[in-house]
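Q: Please take a close look at the aromatic rings in this structure. How do they pair, and how exposed are they?

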Amino acid sequence: MRLLDGSGVSREVHAPFCEGLRVRLPWSTHLTFLPAAVRGEFYRLYLAMDIFSRMIVGWEIHHNESAEQASTLISKACLRHRICRDQLVLHSDNGSPMKGATVLATLQKLGVVPSFSRPSVSDDNPYSEAIFKTLKYSPAYPAKRFADIDQARSWVQRFVSWYNTEHRHSGIRFVTPEQRHAGLDRNILASRTAVYEAAKQANPARWKNRPTRNWTPIDSVWLNPDSLHEELLENERRAA
């Protein structure tokens, strides 16, 4: 993960961010384009999400992109979720809205540590990219262009509500982002483990000495893991 220290010099950090230990809350922010009624014109969807819980913590739609609008999104999200100074790391790509002086000044005022993707590395902001893919590949995504910005905002509002409260996310053991954000996932996953183990005891032939599905809570999330941790993550995915 690329952090910017007080001297303005970037440094490479490879460390897990664990919500349970409250080390630092990792958020990711990005923007994407939504097609407007006029061909060639697009609305800008700014979105911030909690990397650990995958919950969308803030979003806004505007006609253009600017550092001022990105700054407003961050300020509102921090206020809404009662983020304290030195509690948050905000990761983004190297786009001009997120590296503008207005955003950096806002982050400094809020006590938020900025983190940026490495130059020419397209997958350094994977969590935000993944959520935009989910949004645009959703069956409910409009087949036609948005008639106006109000229609775009109304649709995204419904998507965010569904994503946070109903979507069973495969990356967090098929609980909803809201459940994980509230710390409810451990009890839910423990109940699932008990159900699976009881089913295995009742019908052991079905599993043929194979373990039941892995419902162990995921305690840490990573950006840019090293090769050893990538291997551990891959083994965990296979076990799931």
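A: Start with Trp-215, which is buried at 7% relative accessibility. The model is a predicted one. A search of the whole structure finds nine aromatic pairs.

Trp-155 is buried, with a relative accessible area of 7%. Phe-159 is buried too, at 4%.

Now back to Trp-215. Its ring pairs with that of Tyr-196. The geometry is edge-to-face, with 5.7 Å from centre to centre and 75° between the planes. Tyr-196 sits in helix H7 (residues 185-202), while Trp-215 is in the loop between H7 and helix H8 (227-239), so the pair ties together parts 19 residues apart in sequence. Tyr-196 is partly exposed, at 30% relative accessibility, whereas Trp-215 is buried at 7%.

Ring pairs also build a cluster. Its members are Tyr-141, Phe-146, Trp-155, Phe-159, Trp-162 and Tyr-163.

The charged end of Arg-180 sits over the ring of Phe-52, at 3.8 Å from the ring centre. Lys-133 lies over the face of Tyr-137, 5.8 Å from the centre of that ring.

Technical notes: Residues numbered from 1 in each chain as written. Predicted model: local features only at pLDDT ≥ 70, side-chain atom pairs only at ≥ 80, totals over all residues. Heavy atoms only, no water. Phe/Tyr/Trp six-rings, centres within 6.5 Å; stacked < 30°, edge-to-face > 60°. Buried < 20%, exposed > 50% of the residue type's maximum accessible area, 1.4 Å probe, protein only. Helix = DSSP H or I, 4+ residues; strand = E, 2+ residues; numbered from the N terminus. Lys NZ or Arg CZ within 6 Å of the ring centre and 35° of its normal.
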